[in-house]
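Hi,

Here is the model I promised to pass on. Have a look at it first, and then read my notes below.

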Amino acid sequence: MELKLIFDKPKTMTDTKTYYCPGCGHGILHRIVAEVIDELGIKDSVIGIAPVGCAVSAYDYWDIDMSEAAHGRVAAVATGLKRARPDAIVFGYQGDGDLAAIGLAETIHAANRGENITIIFVNNATYGMTGGQMAPTTVLGQITKTTPYGRNPSRMEGYPLKISEMISMLEAPVYVERCMVTSTESILNTKKAIKKAFTLQVQGKGYSFVEVLSQCPNEWRMLPVEAIRWVEEEMTKIFPLGVFKDKYPEVK
Amino acid sequence: MKELIKGNEALAESAIIAGCRHYFGYPITPQNEITAYMAKRMPEVGGVFVQAESEVAAINMVFGAAAAGVRVITTTSSPGFSLMQEGVSYIAAAHLPCVLANVMRGGPGLGNIAGSQGDYFQAVKGGGHGDYRLIVLMPAYVQEMIDFTILAFDLADKYLIPVLILTDGIVGQMVEPAEFPKDYKPNFYDKSWALTGAKGRPRNIVRTLWLDDYGVENNNIKLQQKYARIKAEVVMYDEFMTEDAEVIFVAYGTPARICKSITKKLRDQGYKVGTFRLQSAFPFPEYRLMELALEKHVKGFLVVEMSAGQMVEDVRLSVKDYKPVNFYGRMGGVLPEENKIIEYALDMLKGGVEIH
């Protein structure tokens, strides 16, 4: 019988074992990004930017040119890289603390300038790296290390920031979608979104943004299966999935 | 041929001459001429001008462009440079080359927009976190705005380090005759470390984080070895009538010009004074100052700054206790007074009294 290889590690992934916790969404998303880079044949021209947060060592896992950035400054570093290397495909990979708290100004302004870059935004409603503090996207009532009584707007702890909605209000961005990575179907859909975001950049169309709701069972104090359910049932109530902006629906 | 040029614009055009095609900046007085000049000039030469949303963003755009291996500059003034410190620490840690300019104004706080020298500590001792240094060049003339800016790009590429042009609002706003070089060509510098997309080579990573036991210490050792090399190779200063001087003024930037003109005036009256003008603060000319301190004819040094006394600490560290080091300064954008400097110098010539 002839053996046929039907599943393999993407070329863009290194052999390094990830240090992500069991049940974490980052591993799935890393693989999606790697598959997309492989499929688009851009491994030789892509430059990634790792955030400060759980994905800080992303360059250990992707076999591509990569830079670190100071906490929150991915969009600014991406701007500098892309302006210096307009032919490179530049993407940032950021969590909710990095992008939506400390880096909100850089995020909004890079989007508003219409930088021809791709930002992948991993929203798990908590600070994973520092041990589970409140994120800008922490949902109401959610217990974290810094909202031990549950996030409560009447204590002026604010409301979850809806970043995809905010970015889609701007004129310049060409594509904004929110996805998740909880099931085969949602994973395939996320891959489609990320592929489209990269493709738009390859075509020089402008700023693309994909938010991915991601499970963090460790900091949520849940079993991985419960965490998946929580994304699907609770997070999507506040962060509805879907395409928020698409100037080029014909691009797949 | 010399032409009349404003200091800030001289700096901007020199960056273009040096082959810099990437400018990221945020408006702040008294350096706004640079931002405006670049906005107009960069498109003419096919370069990139981005008005950033903040100095924080600007310095991180510089990080990105530097990581991509191109010549890049940002310019600012004191409060803006404070905002950049985080990014400067990262750029230094990542061994990235870039040129920065701080056209200093009065501080602390929002201060004012007059020329000042209150940022010496921040520039020279490391304003951000960690054990890092910048090469710090200090122009006092429009001509030096040109020469030092061009030199800064070469030093940055040679040593893979951020180079800071530390000047003051007076030099930045001053118009005087100066000349651009006609045939400048940058040397070849290896940029195989740059992020360009890993085509036909193993991937490059620009990083400042190491979580293993000795990673960060090893990077620190690399940095310190580089700084030792720079100390041996780059130190810059200008001596004026120090060969037989009994009292030596030590200054940089605008106060150094005042000291030089006082030197001439006092020499005409028969007083043996001289001026030691620092052109680089890192590396600091510590050996030359020590040599001067050991000269029999030198009674002491008078450090003049537009600050509460910052560089004077480094002069004292260099001279040790061999000769008295006195200080006179004005703060918050006020110029040191010529008659005060003369008064202190004459006191020192008479008896070497301590003045503070």
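Let's start with the two domains of chain B: their centres, taken over C-alpha atoms, are 28 Å apart. The bounds are 3–233 for domain 1 and 237–351 for domain 2, and they come from an automatic or database domain assignment.

Before going on, some housekeeping. This is a predicted model, in which local features need pLDDT of at least 70 and side-chain atom pairs count only at pLDDT 80 or more, while totals for chains, interfaces and linings use all residues. Residues are numbered from 1 along each chain as its sequence is written, with chains lettered from A and ligands numbered from 1 in the order in which they are written. Chain B has an average pLDDT (the predictor's confidence in each residue, from 0 to 100) of 97, and 99% of its residues score at least 70. The ipTM is 0.96 and the pTM 0.97.

Back to the domains of chain B. Contact here means that the C-beta atoms of two residues, placed from the backbone, lie within 7 Å. By that rule, 27 residues of domain 1 of chain B touch 20 residues of domain 2 of chain B. On the domain 1 side, helix 5 (120–125) of chain B gives the most, with 4 residues. Helices (H or I, at least four residues) and strands (E, at least two) are DSSP runs, numbered from the N terminus.

Next, a sheet in chain B: 5 strands form an open, mixed sheet in the order 10-12-11-14-15. Two strands pair if DSSP finds at least two bridges between them. Strand 10 (237–240) and strand 15 (325–329) of chain B are at the edges with a single partner strand each, so one side of each has no neighbour in the sheet. Strand 10 of chain B pairs with strand 12 (273–278) of chain B in the antiparallel sense over 4 bridges, and Glu239(B) has Phe276(B) as its bridge partner there.

And what about the two chains? The contact takes 31 residues from chain B and 28 from chain A. Helix 3 (55–67) of chain B provides the largest share of chain B's side, 8 residues. There is strand pairing between the chains too: strand 2 (65–68) of chain A and strand 9 of chain B pair in the parallel sense over 2 bridges, with Ser67(A) opposite Val206(B).

Cheers
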